[in-house]
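Thanks for coming, everyone. I would like to take a few minutes to walk through one model with you, starting with a single element and then stepping back to the whole chain.

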Amino acid sequence: MRIRPAPAAPTRAIPQAISAPSTSEPGGGRLAGVATMVGSGLSNQTGAAIGSLAFPVLGPVGVVAVRQYVAALVLIAVGRPRLRSFTWAQWWPVLLLALVFGTMNLSLYSAIERVGLGLAVTLEFLGPLTIALASSRRRVDVGCAVIAAAGAITLMRPQPSTDYLGMALGLLAAACWASYILLNRTVGRRVPGAQGAAAAAGISAVMFLPIGIAVAVRHPPTAGAVACAIAAGVLSSAVPYLADLFTLRHVPPRAFGLFMSVNPVLAALVGLIGLGQGLGGPEWAAIGAIVAANALSIVTSRS
């Protein structure tokens with residue numbers, strides 16, 4: 001099965017078994033779907049920004065641990081996985097998915113701490129974009145790949161203030177997101193409904209339990225820090241996931257993917273307005289190039 005140009009959702013938990021919108025979908029339903037998309041994107045990036053406020057107390061590891069707990073609660077409630085019925089052929093991709101899920105969020109939040117929200121999310125977005133372009137043989141997608149590569153090179157160009165570790169963590173998040181997409185596709189084929197994603201989220205939360213305990217012992221959390229971490233979990237996991245369940249029933253996949261490509265811009269704007277993380281002209285141009293590459297690939301796609 002060919003991967004679409006925008007093969008992932010902001011929650012990092014792609015809903016399975018979502019019916020495509022009907023061609024006779026009423027205008028009100030489409031409008032509600034678009035509004036939900038906008039709200040989902042803003043919720044996701046705002047959650048990450050609020051979570052970063054807890055870094056001085058909990059660090060990225062502690063914030064991600066809390067986020068994993070919240071994501072597990074939501075996905076298990078929705079997916080209701082029947083773990084005892086899983087076979088080994090179902091278990092191994094679920095286990096890998098859980099490992100990638102945790103690593104992806106940890107590397108992303110660590111990158112946010114070092115290079116800011118806008119740049120971290122943009123670098124992570126290179127993961128699904130690479131998967132989409134690599135699966136195509138069209139000349140226009142080759143051009144899109146060149147545009148995206150130019151944007152990435154501009155973002156990572158050597159400067160006195162360049163944080164190479166932060167950039168590397170952003171690229172690790174991109175590699176994890178690409179792996180997450182491929183594993184999620186395998187899990188979706190082998191495990192019915194959203195049970196696979198729910199099981200992976202639950203296992204990932206269990207993996208983060210000792211980490212969360214260690215962080216709490218070494219750095220006693222404050223009520224404000226815990227509240228920020230919980231808000232990050234709700235806004236960046238629970239709200240977008242439930243919103244996507246609604247959106248994908250009312251908005252065509254191409255429109256959904258096109259809007260998804262705007263997430264790096266939303267992240268940069270939220271970082272600027274909410275956290276005071278300003279970007280220079282070259283950085284904005286690089287983000288625009290990466291977004292434009294994905295948008296062009298989607299608009300010109302016939303599938």
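This is a predicted model: local features need pLDDT of at least 70, side-chain atom pairs count only at pLDDT 80 or more; totals for chains, interfaces and linings use all residues.

Helix α5, residues 139-155, has 17 residues, which at 1.5 Å a residue should span 24 Å, and its end C-alpha atoms lie 25 Å apart, so the two values agree.

Which residues of α5 are buried? They are D141, C144, A148, G151, A152 and L155, and because they cover an arc of only 100 degrees around the axis, they sit on the same side of α5. As a reminder, an α-helix has 3.6 residues a turn, so residues three or four places apart point the same way. On the other side of α5 we find R139, V142, V146 and I153, which are exposed. The cover over the buried residues of α5 includes α4 (117-134), α6 (164-190) and α11 (281-299).

Stepping back, the protein has 11 helices and zero strands, and of its 303 residues, 52% count as buried. Among contacts with a separation of 6 or more, 90% come from residues 24 or more positions apart. Finally, the accessible surface comes to about 13000 Å², and 70% of that belongs to carbon and sulfur atoms.

Notes. Residues are numbered from 1 along each chain as its sequence is written. Side-chain values use heavy atoms; hydrogens and water are left out. Helices (H or I, at least four residues) and strands (E, at least two) are DSSP runs, numbered from the N terminus. Buried means under 20% relative accessible area, exposed over 50%, partly exposed in between (1.4 Å probe, protein chains only). Contact means heavy atoms within 4.5 Å. Accessible areas come from the Shrake-Rupley method with a 1.4 Å probe; for residues, only the protein chains shown count as cover. The expected span of a helix is 1.5 Å times one less than its number of residues. The arc is that of the directions from the helix axis to the C-beta atoms.
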